[in-house]
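Morning, everyone. Please look at the model first.

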Amino acid sequence: GGTGLLGSNLLRILAAYQRATADEKMRLISVSRFMPQPQDRFAEVSYKTGSALDQSFMRGLPEVDCAIYVAGTTSNYLNQTVETVRLASEGIGTFLAHHVRAESCLLVSSARIYGPRTDVHAALETDVCTRRSPDLRNTYDGAKLIAEALALAATKNGQRVVIARLGNVYGPYYGREPAIPLIQMVDEAI
(Lines give C-alpha, C1' and ligand atoms only; values in the text may rest on other atoms or scores of the structure.)
Protein backbone atom coordinates (compact mmCIF):
# COMPACT_ATOMS: atom_id res chain seq x y z
CA GLY A 1 0.00 0.00 0.00
CA GLY A 2 1.91 3.03 -1.20
CA THR A 3 -0.94 5.52 -0.91
CA GLY A 4 -1.70 5.38 2.81
CA LEU A 5 -0.05 7.30 5.61
CA LEU A 6 2.80 4.83 6.14
CA GLY A 7 3.36 3.71 2.55
CA SER A 8 3.44 7.23 1.13
CA ASN A 9 5.86 8.39 3.83
CA LEU A 10 8.09 5.43 3.17
CA LEU A 11 8.10 6.17 -0.57
CA ARG A 12 8.81 9.85 0.06
CA ILE A 13 11.87 9.06 2.17
CA LEU A 14 13.15 6.30 -0.13
CA ALA A 15 12.71 8.51 -3.21
CA ALA A 16 14.69 11.28 -1.47
CA TYR A 17 17.38 8.76 -0.57
CA GLN A 18 17.58 7.55 -4.16
CA ARG A 19 17.86 11.15 -5.44
CA ALA A 20 20.59 11.96 -2.90
CA THR A 21 22.66 8.85 -3.54
CA ALA A 22 21.95 8.36 -7.26
CA ASP A 23 21.70 4.64 -6.46
CA GLU A 24 21.02 3.15 -9.90
CA LYS A 25 20.44 -0.36 -8.52
CA MET A 26 17.59 0.81 -6.31
CA ARG A 27 14.17 0.38 -7.92
CA LEU A 28 11.16 1.68 -6.07
CA ILE A 29 7.86 0.00 -6.91
CA SER A 30 4.60 0.94 -5.24
CA VAL A 31 1.59 -1.34 -5.38
CA SER A 32 -1.76 0.19 -4.47
CA ARG A 33 -5.39 -0.37 -5.30
CA PHE A 34 -5.56 3.07 -6.88
CA MET A 35 -3.14 5.48 -8.50
CA PRO A 36 -2.11 8.41 -6.28
CA GLN A 37 -2.87 11.92 -7.47
CA PRO A 38 -0.14 13.39 -9.69
CA GLN A 39 1.01 15.80 -6.98
CA ASP A 40 1.44 12.82 -4.60
CA ARG A 41 3.71 10.82 -6.94
CA PHE A 42 7.50 10.69 -6.99
CA ALA A 43 9.47 10.48 -10.23
CA GLU A 44 11.73 7.76 -8.74
CA VAL A 45 8.80 5.41 -8.10
CA SER A 46 7.16 3.03 -10.55
CA TYR A 47 3.47 2.90 -9.61
CA LYS A 48 1.47 -0.28 -10.18
CA THR A 49 -2.27 -0.36 -9.68
CA GLY A 50 -3.55 -3.65 -8.32
CA SER A 51 -4.22 -5.61 -5.18
CA ALA A 52 -2.16 -7.94 -3.04
CA LEU A 53 -5.26 -10.14 -3.15
CA ASP A 54 -4.82 -10.66 -6.90
CA GLN A 55 -2.36 -13.53 -7.32
CA SER A 56 -1.93 -13.09 -11.07
CA PHE A 57 -1.19 -9.38 -10.59
CA MET A 58 1.38 -10.17 -7.90
CA ARG A 59 3.05 -12.80 -10.12
CA GLY A 60 3.48 -10.12 -12.78
CA LEU A 61 5.59 -7.93 -10.49
CA PRO A 62 9.37 -8.03 -10.83
CA GLU A 63 11.51 -9.79 -8.24
CA VAL A 64 13.05 -7.51 -5.64
CA ASP A 65 15.75 -7.72 -2.97
CA CYS A 66 13.65 -6.11 -0.23
CA ALA A 67 9.86 -6.04 -0.04
CA ILE A 68 7.79 -4.10 2.49
CA TYR A 69 4.12 -4.90 3.18
CA VAL A 70 2.17 -1.95 4.56
CA ALA A 71 -1.18 -2.77 2.95
CA GLY A 72 -4.24 -2.78 5.11
CA THR A 73 -7.62 -1.27 5.75
CA THR A 74 -7.01 1.00 8.68
CA SER A 75 -9.20 4.07 8.55
CA ASN A 76 -12.47 2.30 7.76
CA TYR A 77 -11.92 -1.23 9.08
CA LEU A 78 -15.17 -1.24 11.09
CA ASN A 79 -17.13 -0.94 7.84
CA GLN A 80 -14.80 -3.20 5.82
CA THR A 81 -14.24 -6.12 8.16
CA VAL A 82 -14.04 -8.80 5.46
CA GLU A 83 -11.54 -6.84 3.36
CA THR A 84 -9.49 -6.10 6.49
CA VAL A 85 -9.15 -9.82 7.25
CA ARG A 86 -8.58 -10.75 3.60
CA LEU A 87 -5.72 -8.25 3.20
CA ALA A 88 -4.09 -9.64 6.33
CA SER A 89 -4.47 -13.30 5.43
CA GLU A 90 -4.70 -13.72 1.65
CA GLY A 91 -2.81 -10.50 0.92
CA ILE A 92 0.21 -11.27 3.09
CA GLY A 93 0.15 -14.89 1.91
CA THR A 94 0.32 -13.83 -1.74
CA PHE A 95 2.95 -11.19 -0.91
CA LEU A 96 5.18 -13.71 0.88
CA ALA A 97 4.75 -16.31 -1.86
CA HIS A 98 5.70 -13.80 -4.55
CA HIS A 99 8.73 -12.49 -2.65
CA VAL A 100 10.03 -15.87 -1.51
CA ARG A 101 13.45 -15.13 -3.05
CA ALA A 102 13.77 -11.61 -1.65
CA GLU A 103 16.71 -11.08 0.68
CA SER A 104 14.32 -9.60 3.23
CA CYS A 105 10.65 -8.88 3.69
CA LEU A 106 9.17 -6.49 6.22
CA LEU A 107 5.62 -6.73 7.51
CA VAL A 108 4.43 -3.51 9.10
CA SER A 109 2.05 -4.60 11.82
CA SER A 110 0.52 -2.74 14.75
CA ALA A 111 1.04 -2.45 18.49
CA ARG A 112 -2.75 -2.51 18.74
CA ILE A 113 -2.56 -6.30 18.90
CA TYR A 114 -1.79 -5.96 22.61
CA GLY A 115 -5.27 -4.65 23.25
CA PRO A 116 -6.38 -1.68 25.32
CA ARG A 117 -3.74 -0.50 27.75
CA THR A 118 -4.27 0.97 31.21
CA ASP A 119 -0.63 1.14 32.33
CA VAL A 120 2.11 3.44 31.12
CA HIS A 121 5.01 1.04 30.52
CA ALA A 122 6.17 0.46 26.97
CA ALA A 123 4.63 -2.62 25.34
CA LEU A 124 7.01 -5.57 25.06
CA GLU A 125 6.95 -8.43 22.56
CA THR A 126 6.36 -10.80 25.49
CA ASP A 127 3.30 -8.92 26.79
CA VAL A 128 0.05 -10.84 26.71
CA CYS A 129 -2.44 -9.77 24.06
CA THR A 130 -5.74 -8.92 25.73
CA ARG A 131 -8.75 -8.57 23.48
CA ARG A 132 -12.37 -8.92 24.38
CA SER A 133 -14.26 -11.25 22.12
CA PRO A 134 -16.53 -10.88 20.26
CA ASP A 135 -16.02 -7.22 19.53
CA LEU A 136 -16.05 -5.71 16.04
CA ARG A 137 -13.18 -3.40 17.04
CA ASN A 138 -10.96 -6.49 17.25
CA THR A 139 -11.16 -7.15 13.50
CA TYR A 140 -8.16 -4.97 12.66
CA ASP A 141 -6.08 -6.28 15.55
CA GLY A 142 -6.95 -9.90 14.81
CA ALA A 143 -6.14 -9.38 11.14
CA LYS A 144 -2.69 -8.09 12.08
CA LEU A 145 -2.14 -11.18 14.27
CA ILE A 146 -3.12 -13.43 11.34
CA ALA A 147 -0.60 -11.64 9.10
CA GLU A 148 2.11 -12.00 11.74
CA ALA A 149 1.38 -15.72 12.12
CA LEU A 150 1.71 -16.22 8.35
CA ALA A 151 4.95 -14.22 8.31
CA LEU A 152 6.31 -16.32 11.17
CA ALA A 153 5.39 -19.50 9.26
CA ALA A 154 7.35 -18.18 6.26
CA THR A 155 10.46 -17.79 8.42
CA LYS A 156 10.24 -21.47 9.34
CA ASN A 157 10.60 -22.22 5.62
CA GLY A 158 13.80 -20.15 5.47
CA GLN A 159 12.32 -16.86 4.28
CA ARG A 160 13.74 -13.78 6.00
CA VAL A 161 10.76 -11.83 7.32
CA VAL A 162 10.86 -9.10 9.93
CA ILE A 163 7.78 -7.74 11.70
CA ALA A 164 7.62 -4.13 12.91
CA ARG A 165 4.77 -3.38 15.33
CA LEU A 166 4.16 0.33 14.99
CA GLY A 167 2.19 2.14 17.64
CA ASN A 168 0.59 5.56 17.77
CA VAL A 169 1.27 6.55 14.18
CA TYR A 170 -0.30 9.93 13.63
CA GLY A 171 0.21 13.16 11.80
CA PRO A 172 -1.39 15.32 9.20
CA TYR A 173 -2.45 13.23 6.24
CA TYR A 174 -0.28 15.25 3.93
CA GLY A 175 2.78 16.93 5.19
CA ARG A 176 3.02 13.51 6.81
CA GLU A 177 5.39 13.42 9.69
CA PRO A 178 5.61 9.89 11.07
CA ALA A 179 8.39 9.52 8.52
CA ILE A 180 11.46 9.67 10.76
CA PRO A 181 10.41 7.00 13.32
CA LEU A 182 9.00 4.86 10.48
CA ILE A 183 12.22 4.98 8.48
CA GLN A 184 14.28 4.25 11.59
CA MET A 185 12.16 1.16 12.28
CA VAL A 186 12.36 0.01 8.65
CA ASP A 187 16.12 0.57 8.59
CA GLU A 188 16.60 -1.47 11.78
CA ALA A 189 14.28 -4.21 10.52
CA ILE A 190 15.99 -4.73 7.16
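Helices α3 and α4 each supply at least two residues of the lining of the largest cavity. Helices here are DSSP runs of H or I with at least four residues, strands are runs of E with at least two, and both are numbered from the N terminus. The model is predicted, so local features need pLDDT of at least 70 and side-chain atom pairs count only at pLDDT 80 or more, while totals for chains, interfaces and linings use all residues. Residues are numbered from 1 along each chain as its sequence is written, and side-chain values use heavy atoms, with hydrogens and water left out.

Now the cavity itself. On a 1 Å grid over the protein atoms alone, a cavity is a set of points where a 1.4 Å probe fits but cannot get out, and lining residues have an atom within 4 Å of a point. Two cavities of 30 Å³ or more are counted. The largest has a volume of about 90 Å³, the volume being the space filled by probe spheres set on the points, which are joined across faces, edges and corners. Twelve residues line the largest cavity, and Ala 71, Gly 72, Thr 84, Ala 88 and Lys 144 lie nearest its centre. The most comes from α4, with four residues.

Next, α3. How far apart are the end C-alpha atoms of α3? They are 25 Å apart, which agrees with the 26 Å that 18 residues, 81–98, should span at 1.5 Å a residue; the expected span is 1.5 Å times one less than the number of residues. Helix α3 bends by about 35° at Leu 87, the bend being the angle between axes fitted to the seven residues ending there and the seven starting there. Leu 87 is also among the buried residues of α3, as are Thr 84 and Ala 88. Buried means under 20% relative accessible area, exposed over 50%, and partly exposed in between, with a 1.4 Å probe and protein chains only.

Last, the salt bridges: a side-chain nitrogen of Lys or Arg within 4 Å of a carboxyl oxygen of Asp or Glu. There are two. Glu 44 meets Arg 19 at 2.9 Å, N to O. Glu 44 lies in the loop between β1 and β2 and Arg 19 in α1, so the pair ties together parts 25 residues apart in sequence. Arg 101 pairs with Glu 63, with the closest N and O atoms 2.6 Å apart. These two sit 38 residues apart, in the α3–β4 loop and the α2–β3 loop respectively. Arg 101 is exposed, at 61% relative accessibility, and Glu 63 is partly exposed, at 46%.

Notes
1 Å grid on protein atoms, 1.4 Å probe; cavity = no way out; pocket = protein on both sides within 12 Å on 5 of 7 lines; lining within 4 Å.
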